[in-house]
Amino acid sequence: MLWLGSLGGDVRFAFTSRLGGFSTAPYDSLNLSFNVGDDPDVVGRNRRAVLERLGVPHASWLQAQHGAVVQVVDGAHEHGAGYAADGLVTTATDLALGALSADCALVVLADPSAGLVGSLHCGRPGLLAGVVDAMVATMRENGAHAIRAAIGPTVCGSCYTVPAEMAAAVVAAVPAAFSRARGGGSALDVRAGVIDQLRHAGVRVVRPVGGCTREDPTTFSYRRDKVTGRMGALIWRPT
């Protein structure tokens, strides 16, 4: 169900797969999103099950805006759809920050020495909007100076085909996102673009986790299935 890891110190993170939950098709089974048509009671049960397995009492979830909105949150947690933001940052302990996706890049970030963690959603619009820079800047404004990151399963550059004009606009701003589809058409590598932006922003440790969401049947993929659930990325510091 989970990819588990650490970003140093007491910081822990998890990326969920689609397995190990209670949702039925086409959301089977560990759908964590209230916004895709699944039964809200079942989604709530899935979220509670994840937190119980991780041993985290609370979570704040973001509802991606596909822009560059980053919010700093405290110990309070929000139910339902979550914060209208593309990134969340906190210094609170026993509070997981969660982001959701079914192809876009999910990134967890931390400066263990500063006691600061963050969770980020970035797709093609986020690359252009500068959400990575906004996230790193917000963390630094709140005391971070040595940021580490991990990036979860994301649709790969061979599977994310887009119109030529769209690809050209993104690559002009983020050259590292250039890719070609297997059939030779225009494509984008969002994960490569995010990693490049993180490194240019001074995040020196970027750990990739998992593979291509479209190719892996254990992950949700909008590009593959259209109507489907959403996986989560969570990061927290235990008390």
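A charge is taken to sit over a ring if NZ of Lys or CZ of Arg is within 6 Å of the ring centre and within 35 degrees of the ring normal. The close-up views below are all drawn from a predicted model.

**View 1. Arginine side chains over the aromatic faces of F22 and W61**. R45 is placed over the face of F22, at 3.6 Å from the centre of the ring.

**View 2. The aromatic pair formed by F13 and F15**. The count of aromatic pairs comes to one. That pair consists of F13 and F15 in an edge-to-face arrangement, with 5.6 Å from centre to centre and 65° between the planes. F13 has a relative accessible area of 1% and is buried. F15 is likewise buried, its relative accessibility being 1%.

**View 3. The hairpin of strands β1 and β2**. Strand β1 (residues 2-6) runs antiparallel to strand β2 (residues 12-16), and five bridges join the two. L2 has T16 of β2 as its bridge partner. Five residues lie between the strands of this hairpin, and in the turn G8 adopts a positive phi of about 100°.

**View 4. Helix α3 and the elements that cover its buried residues**. Helix α3 spans residues 131-141, and its buried residues are V131, V132, M135, V136, T138 and M139. Viewed down the axis of α3, these buried residues fall within an arc of 160°, so they line one face of the helix. An α-helix has 3.6 residues a turn, so residues three or four places apart point the same way. The cover over the buried residues of α3 includes the strands β4 (70-72), β6 (87-90), β8 (105-111) and β9 (116-122). Helices α2 (124-129) and α5 also contribute to this cover. Just after α3 comes G143, with a positive phi of about 110°.

**View 5. Helix α5, its N-terminal cap and the glycine that follows**. Helix α5 comprises residues 190-200, within which V190, R191, G193, V194, I195, Q197 and L198 are buried. The N-terminal end of α5 is capped by D189, which has a side-chain oxygen 3.3 Å from the backbone nitrogen of R191. R191 is itself among the buried residues of α5. After the helix comes G202, with a positive phi near 95°.

**View 6. Surroundings of the buried residue S221**. S221 is located in the loop between β13 (205-208) and α6 (222-225). Its relative accessibility is 0%, so S221 counts as buried. A polar atom of the S221 side chain lies 3.5 Å from the backbone nitrogen of R223. Beyond its neighbours within four places in sequence, S221 is in contact with A102, D103, T213, R214, K226 and T228.

**View 7. Surroundings of the buried residue T228**. T228 occupies the loop between α6 and β14 (231-236). With a relative accessibility of 1%, T228 counts as buried. When neighbours within four places in sequence are set aside, the contacts of T228 are R18, P26, Y27, V36, A102, F220, S221 and Y222. The C-alpha atom of T228 is separated by 9.8 Å from that of S33, although the two residues are 195 residues apart along the chain.

Methods. Residues are numbered from 1 along each chain as its sequence is written. This is a predicted model: local features need pLDDT of at least 70, side-chain atom pairs count only at pLDDT 80 or more; totals for chains, interfaces and linings use all residues. Side-chain values use heavy atoms; hydrogens and water are left out. Buried means under 20% relative accessible area, exposed over 50%, partly exposed in between (1.4 Å probe, protein chains only). Helices (H or I, at least four residues) and strands (E, at least two) are DSSP runs, numbered from the N terminus. A polar contact is a pair of N or O atoms within 3.5 Å; within protein, one must be able to donate a hydrogen and the other to accept it, and residues adjacent in sequence count only if both atoms are side-chain atoms. Rings of Phe, Tyr and Trp (its six-membered ring) pair if their centres lie within 6.5 Å; planes under 30 degrees apart count as stacked, over 60 as edge-to-face and the rest as tilted. The arc is that of the directions from the helix axis to the C-beta atoms. Contact means heavy atoms within 4.5 Å. Two strands pair if DSSP finds at least two bridges between them.
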